[in-house]
Amino acid sequence: MDTVNTRFKWAEATGEAKYIADRHYEGLLEGRFYRSSCPRGVIKSAKIPAMPEGYHLFGANDVPGQNVLPIVEIDWPAFADKEVRFVGQVIYLLVGPDPDVIEQLLQQIEVEYSPLTPAYTIEQSKALIDGAIHSTDNVLDTHTLTKGDIDEGFAQAVTIIEETCSTGYQEHIYLETQGCVGYPKDGKIVIEGSMQCPFYVHHCMAVLLGHDRVRAIQCPTGGGFGGKEDYPDVLAGPLAVAVERLQRPVRIVLERSEDIQFTSKRHPVEFHYRTGIDADGNIIAMELNFDINSGAYLSLSGIVLQRSLTTATNVYDIPNVRVEGHAWTTNTVPTGAFRGFGSPQNCFCMETHMNHIAKKVGEDPAAFKQRHFLKSDSTTLTGSKIFGDLVLDEMLERVLSLSEYNTKTTLNAFQPDSDEHCQGSGKRKGIGLAVFQHGCGFAGDLEDTLVRARVRLNKLADGTIRILASNTDIGQGLSLTFRKIVAETMNRPLETIQLAVPDTGIVPDSGPTVASRSILIVGYLIEKAAQKLQLNWQEGEPQEIEEIYRKPDYHVWDQTTYQGNAYQATSYGANVVEVEVDMATGETDIIGAWAVYDIGRAIDPVVFKGQIDGGLVQALGYGSCEKMELNKDGVFAQKTMADYVIPTSLDVPSIGSDLVDNPYPFGPNGAKGGGELTHNGGAAAFAAAVEAAIGKTLSSIPVTPEKICQALYAEETAEAGKEVEGGKAK
């Protein structure tokens, strides 16, 4: 495989890029998983058919090292051997030359289970029917955080408002499904794949094989959105076992329906709010309790929990707060990384709750929110000072101006006494606002204590510079932005800068491509290395510069108490969405969307415009149409792209966007992260716009036409029921 990344030559756009399914390997075998059909139970026995020549079955007993997927905690087996916890859990890997024969053999395998009562929801998990799935209480992780004096705060409240807001699953629907290929080379087991984090895969292989003679290489990757952070381990672990045994290339590529059913999803979350309002109409106290559906194993739920906890009050300065969060085990597909990592759920719930409070106290939501904004001299929820200047007021002013929010709010004001919400009454417009944040980099001080990223620049004798880092381009444009950082820092032509393929046999470990850290953390290291190379340039001589992460002095964090800077830096955003709702059918048309962001200073505004448009559309799908539900057997009712609805090009509205320049001193050219930020606010703004149009309260997403009709007609149905009970005729 080439060692230089040439993706800036638009290989993907021209069709020249070779994805896993496009690649040729001499003597290639195909692999397919045998998956559990039981959501919860003990494996009693297995009946295995005789394997024809050239076909091989691998399971837990074939693992030479540890039969675990080392995703944060060691709790998820690579091959289920004693128990199963969800439908689709991997029990065997069947390998052979002909996929049709493999499928026939898979149908002949019979596994007998002693079934236990499954828990698909958080409520069922709490009930502990047939005992705990995990530990003694099904709690995978839990934390509590306080600010101020919650009891004193509520003592000052004249009004207390309670509400529950919730979000559901979301599927990644990346262009390319999960896939990887393994082969032996130079005494090592090599895996190439569609992945975000090559060193995660490298570590997983080493754990299962019991040695470090392994290598992971990222291939051109057709999207990830977090789905290719943790889940490639699920493929790579069993695959490495098979390749080491057979000493042949083996490939696993999931079909789309298999990918939708069994790969990780966005965590469903429920937030329970109890909020105290003082005599001046200000929030004086807020108590939040939230529950995360983690699925069958912890995976990345603990990190999602921490982000949800430390940013629970979003962009608002509330003096007295208590937050408690739990991550619960259920017998569903383990939920994992997804763009925003808990922030879109938190943003929807908090912004929706703020909207509802504003309406109950008779104030415009935009003005109410602005009055509660964090200021540059505020203390955060985790007890730290704000680093740098906050520009929330400026961002709000810009997005309201771009969208003509105030004018449209007045024009479209819903009149509660009108008949326009009745069936067949035409269409109504509404406009909604969401303001939000996203912490950049790993939570707390993990960039310093866990990752400690390092990068290298190699200068060749002819002056060509190669960037060596493990961060991956999965469509967000790193192969261009990393090169631009070096080119602009050193004032050299862009074509003289190359980016090495993320290959653990070549590049240093600069950490994973997650958590909006690639520009903020790794880009800054690349900039510092470029500055050093410029100062020590030796014409005609090869040179190498290495730079290692060191956290800024102001960044202090205590992981025990959750006090300090929850993230090294925070980016901010504001979205406005305008909709038109058919009051008879509940169908919505998004007729406009606007976005303003503070990401420090953009490395390439054109590249970030792609992030804005893509992230906002993905968020609008999350809020409007991307419904994913479990059926009574614990499998998703939506299994294909005909069932799982995402926005098409015809659904994308006109998007107006702008950036507020607010340079961050510890980012390359003043930049902070922004890739996840763009997904955080769209769903909340959409739901607020629908509420404004229909004059009804909505507290969960997705806001589908069915949910809108239910909200419109629930009151009428209830009144009709009362009349029937009272013996009155309609």
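1. Two strands pair if DSSP finds at least two bridges between them, and strands (E, at least two residues) and helices (H or I, at least four) are DSSP runs numbered from the N terminus. Strand 5 and strand 6 form a hairpin with one residue between them. Valine 72, in the turn, has a positive phi of about 65°. The two strands, strand 5 and strand 6 (residues 73–76), pair in the antiparallel sense over two bridges. Leucine 69 has tryptophan 76 of strand 6 as its bridge partner.

2. The model is predicted: local features need pLDDT of at least 70, side-chain atom pairs count only at pLDDT 80 or more, and totals for chains, interfaces and linings use all residues. Residues are numbered from 1 along each chain as its sequence is written, and side-chain values use heavy atoms, with hydrogens and water left out.

3. The second largest pocket has a volume of about 740 Å³. Of its 29 lining residues, the closest to the centre are Val72, Tyr200, Ile303, Phe442 and Leu450. (A pocket is an open set of points on a 1 Å grid over the protein atoms alone, with protein on both sides within 12 Å along at least five of seven lines; a cavity is a set where a 1.4 Å probe fits but cannot get out; lining residues have an atom within 4 Å of a point. Points are joined across faces, edges and corners, and a volume is the space filled by probe spheres set on them.)

4. Helix 5 (198–209) gives the largest share of that pocket's lining, four residues. Strand 5 (69–71), strand 10 (139–147), helix 8 (301–310) and helix 13 (446–451) also supply at least two residues each. By class the lining of the second largest pocket has 17 nonpolar, six polar and six charged residues. (Ala, Val, Leu, Ile, Met, Phe, Trp, Tyr, Cys and Pro count as nonpolar, Asp, Glu, Lys and Arg as charged, and the others, Gly among them, as polar.)

5. There are four cavities of 30 Å³ or more. The largest cavity holds about 90 Å³ of space, and its lining includes Glu229, Arg307, Phe341 and Tyr567. Ile303 and Phe442 line the largest cavity and are also among the residues closest to the centre of the second largest pocket. Seven nonpolar, one polar and two charged residues make up the lining of the largest cavity.

6. The second largest cavity holds about 70 Å³.

7. Four strands form an open sheet in the order 19-26-27-28, with mixed pairing. Strand 19 (427–440) and strand 28 (655–659) are the edge strands, each pairing on one side only. The twist averages 15° from one strand to the next. (Axes are lines fitted to C-alpha atoms, for helices over the stretch in contact; angles run from 0 to 180 degrees between N-to-C directions.)

8. Strand 19 and strand 26 (residues 569–582) pair in the antiparallel sense over 14 bridges. Histidine 438 stands opposite serine 571 in strand 26. Helix 11 (residues 392–403) packs on the sheet, touching strand 19, strand 26, strand 27 (588–598) and strand 28. (Contact means heavy atoms within 4.5 Å.) The direction of helix 11 makes about 150° with that of strand 27.

9. Phenylalanine 636 is found in the loop between helix 16 (605–624) and strand 28. Phenylalanine 636 is buried, with a relative accessible area of 2%. (Buried means under 20%, exposed over 50%, partly exposed in between, with a 1.4 Å probe and protein chains only.) Not counting residues up to four places away in sequence, phenylalanine 636 touches Tyr169, Ile260, Gln261, Lys265, Val333, Met628, Glu629 and Leu630. The C-alpha atoms of phenylalanine 636 and glutamine 261 are separated by 6.2 Å, though the two are 375 residues apart along the chain.
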